[in-house]
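Please consult the sequence and the structure shown below while reading.

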Amino acid sequence: MMKTLILLFLLMIYRVSGADWAVNYSSSQICALKSSEVTIRCTYKYPTGHQIMKAFWTKYRAKKGQDYPDLSEDPEYSKRLQYLGDKQQNCTVRLSHVTKKDEHKYYFRFITDKNKKWMGTPGVNLSVTDLQLESPERVTEGDSVRLTCRSSCKLTDTPTFIWYRNSQRLTEGTIGNKLILKSVGREDLGRYRCAVYGHTLTSPEVYLNVTYPPKSVSVSISGSAVIMSGDSVTLSCSSDSNPPGIISWFKGKMLVGSGRIFSISKISSDDSGEYKCKARNAHGARYSDPVTLDVQYPPRSVSVSISDSKNKVGGDLVTLTCSSDSNPPAEICWLEENQSSAVGSGQSFSAVQSGRFYCVARNPHGAQRSDAVTVTVKVKHWKIYHTAVVVSLCGIVAAFIIGLITCYVKQKQMRPQTLTDYSDDISIIFDPRQMPYVYENVMDVHPCTDSHDPKMTIHLYENLAVYGNVAINRNMP
């Protein structure tokens, strides 16, 4: 009986003593981001009468008969491990720049002055994780997309996830570790990554490929603003689409080529017309607005055709028509062979006399003349006689009118006026108010040349007045 009581007493002493020795950890599992800083918080206690001689952290249990290694003395930890505790009751430690190699179970151990050694079990298990972004590889414009930022273990501290697209931080659509994109468009296409606020680690970038049909299809022309026959012209088709569109070229409704570039070497008038390109991918197709190629060239194939008709007096009237091919359209003038002056202009010319005539077609790029054609105009003899009679009658009427004017002038001379004769200064009798019209150096340009033709120049004089019925007194000094 006595032995039983002694045994119970000894057991009671062990339990009390055991309760006085303890290490308490804030968490037995810690999940940390790679390259981050980890703080393991803990407290310890020991019976009164003991003094702590050494307190340290170790990462594994030693074999029987071996000492536990102090991590602060380990080269892999010495520069990264910082003991924040003391030798009383705080045993908190901090480990920086953690890596996957740091994944272990860690223990706090202390030794008293009475050689009492205590280690807190079961210790703290450290897991180190990176971040991975989960995203669909390809989405179509208009779809709803969810991107998820994942870690291999549940992070100990409640994390705040942040998101980047093409290095620009996103502020909308974040729910926990997810990014929600509703009705994606081409502006959502790009490189995405995620991170945890307060940490430098980010996930690897993931490219979100948003596909959409061709948009903004247009054609540009390289070369001179004025396209001349024989030039080389290059048309370029640009479009915005994903995947890139297949390009086709059309002249009007006719397919003429493919590819982003359409070139025409030594362009001719046959190539004039409207061109457009079509961009097509799996999601749709779109045409560009048409562009017009206006190929210009000097006059060519200039020729004259003849048609006969009757004039009003019954004679033959020959109409000549000039035809030419040019761009822009040519101006036409008519000349008689061996004559320097033009006899007409315009596409048609009516010849009233016999001769050899030709036309000249001219535009800004050059000129060309036709071959001369022979025109014979026939007039009937009785018509010639009739014309002579008419001319005679006209002469008689003109003589009668001249006689009346002469009588009128003589009557006016009955009232002479005196005027000093200053012949050297005619301006003394000039009154500008009597000159309602003034002309000076009027020149006419020859319609078939680029220079002035002296034969077609009209010479007028400035400030010229004619005075009648003025008597000049020559006896004045």
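The structure is a predicted model. In this model, the lining of the largest cavity consists of 9 nonpolar residues, with no polar and no charged residues. The residues concerned are Val-38, Ile-40, Trp-57, Leu-71, Leu-81, Val-93, Leu-95, Tyr-106 and Leu-126. Two elements, strand 3 (38-40) and strand 7 (93-95), each give two or more residues to this lining.

## Number and volume of cavities

The count comes to 1 cavity of 30 Å³ or more. The space in the largest cavity amounts to about 60 Å³.

A separate topic is strand 18, which spans residues 190-196. Of its 7 residues, 6 are buried, and strand 18 is therefore largely enclosed by the rest of the structure. The cut-off for a buried residue is a relative accessible area under 20%.

## Pairing of strand 18

Which strands pair with strand 18 in the antiparallel sense? One of them is strand 14 (residues 161-165), which pairs with strand 18 over 5 bridges in the antiparallel sense. In this pairing, Phe-161 stands opposite Val-196 of strand 18.

Strand 19 (residues 206-222) also pairs with strand 18 in the antiparallel sense, over 3 bridges. Here Tyr-192 stands opposite Val-206, a residue of strand 19.

Conventions:
Residues are numbered from 1 along each chain as its sequence is written. This is a predicted model: local features need pLDDT of at least 70, side-chain atom pairs count only at pLDDT 80 or more; totals for chains, interfaces and linings use all residues. Side-chain values use heavy atoms; hydrogens and water are left out. On a 1 Å grid over the protein atoms alone, a cavity is a set of points where a 1.4 Å probe fits but cannot get out, and a pocket is an open set with protein on both sides within 12 Å along at least five of seven lines; lining residues have an atom within 4 Å of a point. Grid points are joined across faces, edges and corners, and a volume is the space filled by probe spheres set on the points. Helices (H or I, at least four residues) and strands (E, at least two) are DSSP runs, numbered from the N terminus. Ala, Val, Leu, Ile, Met, Phe, Trp, Tyr, Cys and Pro count as nonpolar, Asp, Glu, Lys and Arg as charged, and the others, Gly among them, as polar. Buried means under 20% relative accessible area, exposed over 50%, partly exposed in between (1.4 Å probe, protein chains only). Two strands pair if DSSP finds at least two bridges between them.
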